[in-house]
Amino acid sequence: MPITALAHPNIALIKYWGKRDTGRNLPAVGSISVTLDALYTRMSLEIPDSLTEDRLTLNGQPAPSLLPRLAACLDSVLGRERPRLSIDSTSNFPVAAGLASSASAFAACVVAADALDGGERSRDVLSNLAGRGSGSAARSLFGGFAELRNREDGVEVTTLLGPDEWPVEVVVAVTSEHKKAVGSGEAMEISRQTSPFYQRWLDEQEHDLAVARDAIAARDFAALGRIAEHNCLKMHSVMWTSRPPMVYWTSATVACLETVRDLAAGGVPVFFTIDAGPQVKALCLPEAADRVARALGETPGVQRILRSKLGEGARVLEAG
Ligand code: 2P0
């Protein structure tokens, strides 16, 4: 019988960009994110009788190119002598297009692998294992507002507020479903090595984290929006000033920013964030969500709108 885990992607409000240790995939800075409820990756693991190699299907199609990273993640949980596995992964949103698909995939992977092995590991251990697969995945073990902090030997993620404690909503304007040209991991390394703003980015992160942490504790939406937009634009400034430059934005991305700014100028509680892709994520208070979704849906270049409340951390769906 397969074991299935479900994990949601998360969207960083205070971003992770850059690694302090590429070998162990440790982030250079802490980060704060929200875990989404409506988007998910569901991953099933099974030990078939006579399999000599791992096998991966993604949304029903064979996906051998994605197998090495997932196999390494499975090795990190189950050991290299583990049995060969049949892995079936399904996501209900575009993969590798700046929607944090690696976060939900690796979070689901470690939770399913742990369950296959008895389910004894703590959330802290699983979060560190997920982070080795993909830095942002460490945060998807936790729901609501989550903060990742560096500690000497790894990372430590905590829940700042659970999903029901401050029910903000996320409206995603999907402007392109194409896979991005440069993956985040490679792009971060280019930024670390070449952007003249990289050190300043590192130096200011503790300040941004503290401001966001306080805003979340006080449920001060406007203050959270100001620091999140600033942090996002600072990260993109680092990307733009890398050599070669990494510009993930399109004209539709810019149009969405204008839409969000116009709404905010009219008193609507909304702010934007953008990750390593052209999609714009608007965070808003629940009473504004219909209006924000409509305005973004009417913005030129927007292909579709995804809406989500905040969700729970990664979990096993069915065992045994
Ligand atoms: C984040 N991003 O904090 C930032 C903001 C994208 C922009 O974490 O190399 O897939 O696998 O550790 O986690 C995307 O990078 O990178 C990411 P790896 P990951 O959400």
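Modeller: Gladly! Helices (H or I, at least four residues) and strands (E, at least two) are DSSP runs, numbered from the N terminus. Please keep in mind that this is a predicted model.

Biologist: Thanks, that helps. In which loop is the place of Pro 244?

Modeller: Pro 244 is joined to Arg 243 by a cis peptide bond, with omega about 0 degrees. Most peptide bonds are trans. As for its place, Pro 244 sits in the loop between helix H6 (221-240) and helix H7 (251-265).

Biologist: Next, Asn 25: is it buried or exposed?

Modeller: Asn 25 is found in the loop between strand E3 (19-21) and strand E4 (26-27). Its phi is near 50 degrees, a positive value in a residue other than glycine. The relative accessibility of Asn 25 is 11%, and buried means under 20%, so Asn 25 counts as buried.

Biologist: And what is the relative accessible area of Asn 59?

Modeller: Asn 59 also has a positive phi, near 50 degrees, in a residue other than glycine. Most residues other than glycine have a negative phi. Asn 59 lies in the loop between strand E7 (55-58) and strand E8 (61-62). Asn 59 counts as partly exposed because its relative accessible area is 39%.

Biologist: Let's turn to the strands. How many bridges pair strand E5 with strand E10?

Modeller: Strand E5 covers residues 31-35 and strand E10 covers residues 145-151. Val 34 stands opposite Phe 145 in E10. The two strands pair in the antiparallel sense, and the number of bridges is four.

Biologist: In E11, which residue is the bridge partner of Leu 148?

Modeller: E10 and strand E11 (residues 154-161) pair in the antiparallel sense over seven bridges. A hairpin of two residues joins E10 to E11. Within E11, the bridge partner of Leu 148 is Val 157.

Biologist: Now the charges. How many salt bridges does the count come to?

Modeller: To be counted, a side-chain nitrogen of Lys or Arg must be within 4 Å of a carboxyl oxygen of Asp or Glu. Asp 117 is partly exposed at 41% relative accessibility, and Arg 121 is partly exposed at 25%. By this rule, the count of salt bridges comes to 21.

Biologist: Arg 84 forms a salt bridge with Asp 54; how many residues apart are they?

Modeller: The closest N and O atoms of Arg 84 and Asp 54 are 3.6 Å apart. The pair links distant parts of the chain: Arg 84 is in the loop between H1 and E9, while Asp 54 is in the loop between strand E6 (41-46) and E7, and they are 30 residues apart.

Biologist: Of that pair, is Asp 54 buried or exposed?

Modeller: Asp 54 belongs to a network of salt bridges with Asp 75, Arg 82 and Arg 84. Arg 84 is partly exposed, with a relative accessible area of 25%. Asp 54 has a relative accessible area of 12%, so it counts as buried.

Biologist: Which residue does Lys 309 meet in a salt bridge?

Modeller: The N to O distance in this salt bridge between Lys 309 and Glu 169 is 2.9 Å. The pair links distant parts of the chain, with Lys 309 in the loop between E15 and E16 and its partner in strand E12 (residues 169-174), 140 residues apart. That partner has a relative accessible area of 8% and is therefore buried; its name is Glu 169.

Biologist: Which residues form the negative surface patch?

Modeller: One of them is Glu 312, in the loop between strand E15 (304-308) and strand E16 (315-318). Glu 312 is partly exposed because its relative accessibility is 43%. The residues that form the patch are Asp 37, Asp 164, Glu 165 and Glu 312.

Biologist: Last one: how far apart in space are Glu 120 and Glu 312?

Modeller: Glu 120 is in the loop between helix H2 (101-116) and helix H3 (123-133). At 72% relative accessibility, Glu 120 counts as exposed. In sequence, Glu 120 and Glu 312 are 192 residues apart, and in space, C-alpha to C-alpha, the separation is 20 Å.

Conventions
Residues are numbered from 1 along each chain as its sequence is written. This is a predicted model: local features need pLDDT of at least 70, side-chain atom pairs count only at pLDDT 80 or more; totals for chains, interfaces and linings use all residues. Side-chain values use heavy atoms; hydrogens and water are left out. Patches are made of residues with over 30% relative accessible area and no salt bridge: like charges are joined within 9 Å, nonpolar side chains (Val, Leu, Ile, Met, Phe, Trp, Tyr) within 5 Å. Accessible areas come from the Shrake-Rupley method with a 1.4 Å probe; for residues, only the protein chains shown count as cover. Lys and Arg count as positive and Asp and Glu as negative; His and the chain ends are not counted. The place of a charge is taken as NZ of Lys, CZ of Arg, CG of Asp or CD of Glu. Buried means under 20% relative accessible area, exposed over 50%, partly exposed in between (1.4 Å probe, protein chains only). Two strands pair if DSSP finds at least two bridges between them.
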